[in-house]
Amino acid sequence: MTFDPAKVPGGDVAKFGAECRAKALDGVTASDWRPIYDWTKSWIGWGGGAWLPDTWILYAVSALLQGKPRIGVHALDLGIKTWIDGDRDRSVLTFCRGAIILEVLADPKCAEPDLEAAAATVPEWLVAGATERLTECREQAPKSRKRVPSVKPRPDHAPPEWRAETVAPAVVRRADGDEPEVWKDVCRFFLSN
C-alpha cells in the first residue's frame, strides 16, 4: 500500500495528526483503550505520527488499558525496530518497554537489559525516572523466581526500505530526545508510583 496524500481526512497531514493526538489523549483521560488505539492508528497512517515516539507509547498505553501488556511491548518494538530513527527517542521507547516488563509482567530479569540500556542513554528529562526504575529492577531481579523470559529481547533498529512510502510523512519538527508531547498524560503508566 502506498500513501496517498489526497486521502488524508481534511487534506492536511499536520492538522489531521493534531486531531488524532487530541482524540487519543481524550481516550487516555477516560482510561478507554479503544479511542487511544483507533486514533493512534489513524495518526500513524495519515497524520505523520509513525515517525514520533508519541504514537508507539500511546499504542502501549492502549494495550495496558486493555490488559494486554505483551501487545504493549510489541507496539514499542515496532517503533524501535522500524520507525524511530533517533537513538535517544529509541531509548525512551526502550525505557517504556522495560517499565512494562518490570511492573506489569513482573519480570525484573527480563526487564533489566532494557532498563540498563535506557538509563545510560535517555534524554535528561527522563534520567531520574529511568534511574529509579533501574534501581527497583536491580533490587527485584535476585528475588525473581521467573525462569522463562516474559517477552523476546528488544529488536535492533532495522528499518525496511518501503516504510516511507506507506505512511504520511513527518510533519512535526522535533529533535531526537525531545520530550514527547503526550508524555505528561501517559507517564504514570511507566514511572514509579
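Predicted model: local features only at pLDDT ≥ 70, side-chain atom pairs only at ≥ 80, totals over all residues.

Q: Let's start with helix packing. At what angle do the axes of helix 3 and helix 4 cross?
A: The crossing is at roughly 170 degrees, and the two axes come within 7 Å. Helix 4 covers residues 69–83, while helix 3 covers residues 53–65.

Q: Which residues make the contact?
A: From helix 3 you have Trp56, Ile57, Tyr59, Ala60, Ala63 and Leu64. Helix 4 brings Pro69, Ile71, Gly72, Ala75, Leu76, Leu78, Gly79 and Trp83. Sorted by class, the contact of helix 3 with helix 4 has 12 nonpolar and 2 polar residues, with no charged ones.

Q: What does its side chain reach?
A: The threonine 55 side chain reaches the backbone oxygen of glycine 49, at 2.8 Å. Setting aside residues up to four places away in sequence, threonine 55 touches Thr40, Trp43, Ile44, Gly49 and Ala50.

Q: Switching to another pair: how do helix 5 and helix 6 cross?
A: Their axes cross at roughly 150 degrees and come within 8 Å. Helix 5 spans residues 87–103 and helix 6 spans residues 108–121. At that angle, helix 5 is roughly antiparallel to helix 6. The crossing of helix 5 and helix 6 is left-handed.

Q: Who's involved there?
A: On the helix 5 side, the contact residues include Arg88, Phe95, Arg97 and Leu102. On the helix 6 side, among them are Pro108, Cys110, Asp114 and Leu115. By class, the contact of helix 5 with helix 6 has 9 nonpolar, 4 polar and 3 charged residues.

Q: What's going on in the loop between those two, at alanine 106?
A: Alanine 106 sits in that loop between helix 5 and helix 6. Its phi is near 50 degrees, a positive value in a residue other than glycine. Alanine 106 is partly exposed, with a relative accessible area of 44%.

Q: Where is serine 31, and what is its phi?
A: Serine 31 lies in the loop between helix 1 and helix 2. Its phi is near 55 degrees, and here too the value is positive in a residue other than glycine. Serine 31 counts as partly exposed, at 45% relative accessibility.

Q: Now serine 150. Where is that, and is it buried or exposed?
A: Serine 150 is in the loop between helix 7 (127–140) and helix 8 (163–166). With a relative accessible area of 12%, serine 150 is buried.

Q: What is it in contact with?
A: Beyond its neighbours within four places in sequence, serine 150 is in contact with Arg70, Leu105, Asp107 and Cys110. Its side chain also makes a polar contact of 3.3 Å with the side chain of lysine 146.

Q: Last one: where does threonine 2 sit?
A: Threonine 2 is in the segment before helix 1 (13–29). It counts as exposed, at 60% relative accessibility.

How values were computed
Residues numbered from 1 in each chain as written. Heavy atoms only, no water. Helix = DSSP H or I, 4+ residues; strand = E, 2+ residues; numbered from the N terminus. Polar contact = N/O pair within 3.5 Å; in protein donor to acceptor, adjacent residues only side chain to side chain. Contact = heavy atoms within 4.5 Å. Axes fitted to C-alpha atoms, helices over the stretch in contact; angles between N-to-C directions. Parallel < 35°, antiparallel > 145°, perpendicular 65-115°, else oblique. Left-handed = near helix turned anticlockwise from the far one by under 90°. Nonpolar A, V, L, I, M, F, W, Y, C, P; charged D, E, K, R; others polar. Buried < 20%, exposed > 50% of the residue type's maximum accessible area, 1.4 Å probe, protein only.
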